[in-house]
Amino acid sequence: SFILTAARPKLMNSVEREIPGWKAMARLRGGVTLVHTVKALIALDSIPEYRNAIAEDKSNMRWAVLLHDLAKKPVDPITGAKIRDAIHPFRSAVLAAEILPNHGFYVTDQFQGSIESWSEYTNQAVTTDAKGRPIHGNAKLPGIITGINKMFERNSATSIIVKSILFHQSLNLLKEWPDAAPLTDSELKLFINDDLLKVLGPLVRADSASWQLFKPENRKKFDQQIEDRLKEIKSLIKKP
């Protein structure tokens, strides 16, 4: 793969200095997550919402895609087998919240006093499914979102990027790949708004398209499912 060939130590060390955790992510499964992330950035450029967005929104979308799988660890804690990591969005959101302020993103005066405890709280927002495997502990979402709004303000770029990463596997977009702990309708109404969907929508589209970049029929099918689901969500959150 050209992406893996280009990922030379000097380049990876340079990225690691700007995005701590990048090298660990890049080593996962022989570089699968690294390749996926780069392909997702490529896919993003073909998405109409990205191409038609203003410069600030484009930057927010790129950061969300860049960081969305940063904390991925696709190993079953029970068997050690390679699996779909169901809780990495919350962990990746924590890393994003810690990294973005170092790149000029806005924080409130509550950030320094809150980030450590919020990160610990969010990383511990884990429960288990019927088989005992870890999934998102959505019961802690009110506290997680309150913390994000406290540290970054509700609709700042920082807040929207972090929330987009947090929720990128919470919308139940694809029939073939149901999310382990999707948001309920009431949670969607509470936590999702149009400003967030401006970044979250392109993120989930790019995330899916990355896996289907060279499979146009699959991409078309999955794109349609995602579009239909996002329309449902937009309709739902507009209802009183």
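Predicted model: local features only at pLDDT ≥ 70, side-chain atom pairs only at ≥ 80, totals over all residues.
Helices here are DSSP runs of type H or I with at least four residues, numbered from the N terminus, and in that numbering G104 is found in the loop between helix 7 (88-99) and helix 8. The largest pocket has a volume of about 570 Å³, and the count of aromatic pairs comes to three.

**The largest pocket**

- The largest pocket, with its volume of about 570 Å³, is lined by 25 residues, of which K72, R84, Q169, W177 and W211 are the closest to its centre.
- Helix 4 (32-44), helix 12 (194-211) and helix 13 (216-238) are the elements that give two or more residues to the lining of this pocket.
- Among the contributors, helix 12 gives the most to the lining of the largest pocket, namely four residues.
- Sorted by class, the lining of the largest pocket is made up of 10 nonpolar, eight polar and seven charged residues.

**Helix 4**

- Helix 4, which is one of the elements giving two or more residues to the pocket lining, has 13 residues and spans 18 Å from its first C-alpha to its last, close to the 18 Å expected at 1.5 Å a residue.
- The buried residues of helix 4 are T33, L34, V35, H36, T37, K39, A40, A43 and L44, a list that includes the charged residue K39.
- As background for reading such a list, an α-helix has 3.6 residues a turn, so residues three or four places apart point the same way.

**Aromatic pairs**

- A pair of aromatic rings is described by the distance of the centres and the angle of the planes.
- Of the three aromatic pairs counted, one is formed by F111 and F152, whose ring centres are 5.7 Å apart and whose planes stand at 40 degrees, so this pair is tilted.
- F167 lies in the loop between helix 10 (157-166) and helix 11 (185-191), whereas F191 lies in helix 11, so the pair ties together parts that are 24 residues apart in sequence.
- F167 counts as buried because its relative accessibility is 0%, and F191 is also buried, with a relative accessible area of 10%.

**Lysines over aromatic rings**

- K58 lies over the face of Y50, at a distance of 5.3 Å from the ring centre.
- K140 lies over the face of Y121, at a distance of 4.8 Å from the ring centre.

- E153, which is placed in the loop between helix 9 and helix 10, has a phi near 75 degrees, a positive value in a residue other than glycine, and E153 is partly exposed, with a relative accessible area of 42%.
- N172, which is placed in the loop between helix 10 and helix 11, has a positive phi of about 50 degrees although it is not a glycine, and N172 counts as partly exposed at 32% relative accessibility.

**Exposed residues and C-alpha separations**

- R17 lies in helix 2 (residues 9-18) and counts as exposed because its relative accessibility is 63%, while the C-alpha atoms of R17 and S210, 193 residues apart along the chain, are separated by 25 Å.
- E116 is found in helix 8 and counts as exposed at 68% relative accessibility, while the C-alpha atoms of E116 and E98, 18 residues apart along the chain, are separated by 9.0 Å.
- G104, in the loop between helix 7 and helix 8, counts as exposed because its relative accessibility of 71% is over the 50% cut-off, and G104 and H168, 64 residues apart in sequence, are 23 Å apart in space from C-alpha to C-alpha.

Key. Residues numbered from 1 in each chain as written. Heavy atoms only, no water. 1 Å grid on protein atoms, 1.4 Å probe; cavity = no way out; pocket = protein on both sides within 12 Å on 5 of 7 lines; lining within 4 Å. Points joined across faces, edges and corners; volume = space filled by probe spheres on them. Expected span 1.5 Å × (residues − 1). Buried < 20%, exposed > 50% of the residue type's maximum accessible area, 1.4 Å probe, protein only. Phe/Tyr/Trp six-rings, centres within 6.5 Å; stacked < 30°, edge-to-face > 60°. Lys NZ or Arg CZ within 6 Å of the ring centre and 35° of its normal.
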